[in-house]
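Subject: Handing over the structure

Hi,

Here is the structure I promised to pass on. Please open it alongside this note.

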Amino acid sequence: MIAALDMGYGHLRAAAAIATASGGSVVEADRAPVATADEARAWLRARRLYEGLSRAADAWYLPGAGRLLDFVTGIPELTAGRDDSAPTYAVRQLDTLIRDGLGAGLASHLRAGADPLVATFYAPAIAAAAHGALRVHLVVTDSDVNRIWAPLDPSRSKIVYLAPTETAAARLRSYGVAPGLVSVTGFPLPPELTGDGLRVAFASRLARLDPGGAFRTAHADEIRCRLGDVEFVAPGPPTIVFAVGGAGAQAEVARRLLSTLREPLARGELRLVLVAGTRRPVAERFEKWIAAARVGASVSVLCESGFPAYYRRFNETLASADVLWTKPSELTFYGALGLPLLLARPLGVHERRNRAWALGLGAAIDAEDSRRTAARFPSLLADGSFAAAAWAGFTRMPRTGAARIAETISGS
């Protein structure tokens with residue numbers, strides 16, 4: 001059983017990729033029939049609180065909300081030998097909810113069958129294990145994690161952790177999780193985007209991102225060694241995918257992009273896809289701004305009524321995209337596909353850690369100043385900066401996480 005929660009697209013995306021790789025099925029742990037009516041209401045309250053806090057933290061006129069989000073998502077500095085296992089207030093609150101029955105429905109479903117549990121959000125895994133579920137796996141979806149990802153007494157836990165980075169693994173050990181229960185697998189990217197066609201697709205992307213050939217000339221031997229004999233054919237102009245958060249945070253940045261990039265978009269020199277996910281009100285705002293900008297058919301909106309349809313279309317869009325503009329959520333790991341990342345302002349400490357990780361690898365470009373970044377777009381193409389970021393992500397970020405997680409599950 002692969003359990004996900006509708007607490008942002010990151011957990012749902014990870015679960016869907018694992019399901020594809022393992023042949024398992026995804027259940028939403030916060031909905032019937034897995035969750036009782038009381039549990040479903042508790043999850044809904046938690047989701048509304050977090051989404052509201054995320055939107056408030058993105059508002060310049062509510063600085064206190066940003067500080068509160070930082071407090072909620074806080075992560076201490078990682079120091080060798082330091083013990084950070086003491087439970088925080090949030091850990092104690094979660095434990096209280098579990099004692100009141102949160103996760104009991106999920107544990108009951110697991111006891112009725114023989115399948116292991118794979119969760120992509122901490123609460124279902126910790127709750128199910130507390131209610132007696134065996135063979136529980138927890139997939140971490142950020143490059144570093146808050147103490148809430150480990151239970152009240154980590155030393156007694158049997159949860160198997162699947163971490164995307166060495167830093168996340170070390171962090172879990174500092175929280176008191178037994179080293180033998182932590183494996184570094186990488187983030188579970190969609191298998192349909194990491195298959196045999198990726199090499200050819202990446203070669204075409206490099207050609208669009210390096211129109212003058214500056215990067216390919218400077219790194220010809222390395223590129224040939226990695227990609228072999230491929231053609232650098234670049235049909236069409238570069239495509240930017242702007243993906244806002246599931247909570248609708250930072251959607252206003254899209255208006256600034258349309259204004260700054262209006263001329264190259266109108267001339268057909270760039271394409272832009274504005275991703276609204278499953279949020280129709282966000283999509284309607286995008287459509288209104290597109291009409292006002294008068295950019296023709298070079299800009300489109302991606303919005304679907306439900307997550308499965310959105311997830312499928314989003315993957316199809318990324319397969320032919322060239323640049324991913326996003327806040328540093330779990331989409332940071334998608335740089336492994338050879339998509340240069342333009343990282344908007346982070347929301348929460350975990351996103352700041354994701355941002356620092358990607359920038360440190362050279363796979364991302366700082367896009368906190370959206371107008372300045374959009375204005376620099378032609379120069380980032382001309383000097384090979386986009387191509388360099390794409391190459392760094394393609395060569396330095398892991399992309400076999402889904403297969404490695406599936407293998408771990410099958411051996412449990």
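Below are some notes on a strand, a helix, a pocket and a cavity.

This is a predicted model, in which local features need pLDDT of at least 70 and side-chain atom pairs count only at pLDDT 80 or more, while totals for chains, interfaces and linings use all residues. Residues are numbered from 1 along each chain as its sequence is written, and side-chain values use heavy atoms, with hydrogens and water left out.

Let's start with strand E7, residues 239–243. (Strands, of at least two residues in state E, and helices, of at least four in H or I, are DSSP runs numbered from the N terminus.) In E7, 5 of 5 residues are buried, meaning under 20% relative accessible area, where over 50% is exposed and in between is partly exposed (1.4 Å probe, protein chains only). In a regular strand, side chains alternate between the two faces of the sheet. Here Thr239, Val241 and Ala243 are buried on one side, and Ile240 and Phe242 are buried on the other.

E7 also has two parallel partners: E8 (residues 271–277), over 5 bridges, and E10 (residues 323–326), over 4 bridges. Pairing here requires at least two DSSP bridges between the strands. Valine 241 bridges to valine 273 in E8 and to leucine 324 in E10.

Next, helix H18 (residues 385–396): its 12 residues reach 16 Å from first C-alpha to last, close to the expected 16 Å, which is 1.5 Å times one less than the number of residues. H18 is largely enclosed by the rest of the structure, because 9 of its 12 residues are buried. Among them are Phe386, Trp391 and Phe394.

Now the spaces. On a 1 Å grid over the protein atoms alone, a cavity is a set of points where a 1.4 Å probe fits but cannot get out; a pocket is an open set with protein on both sides within 12 Å along at least five of seven lines, and lining residues have an atom within 4 Å of a point. Volumes are the space filled by probe spheres set on the points, which are joined across faces, edges and corners.

The second largest pocket has a volume of about 510 Å³. Of its 21 lining residues, Ile126, Ala129, Ala130, Pro151 and Ser157 lie nearest the centre. Helices H4 (89–99) and H6 (122–130) each give two or more residues to this lining, and H4 gives the largest share, 5 residues.

There are 2 cavities of 30 Å³ or more.

Best wishes
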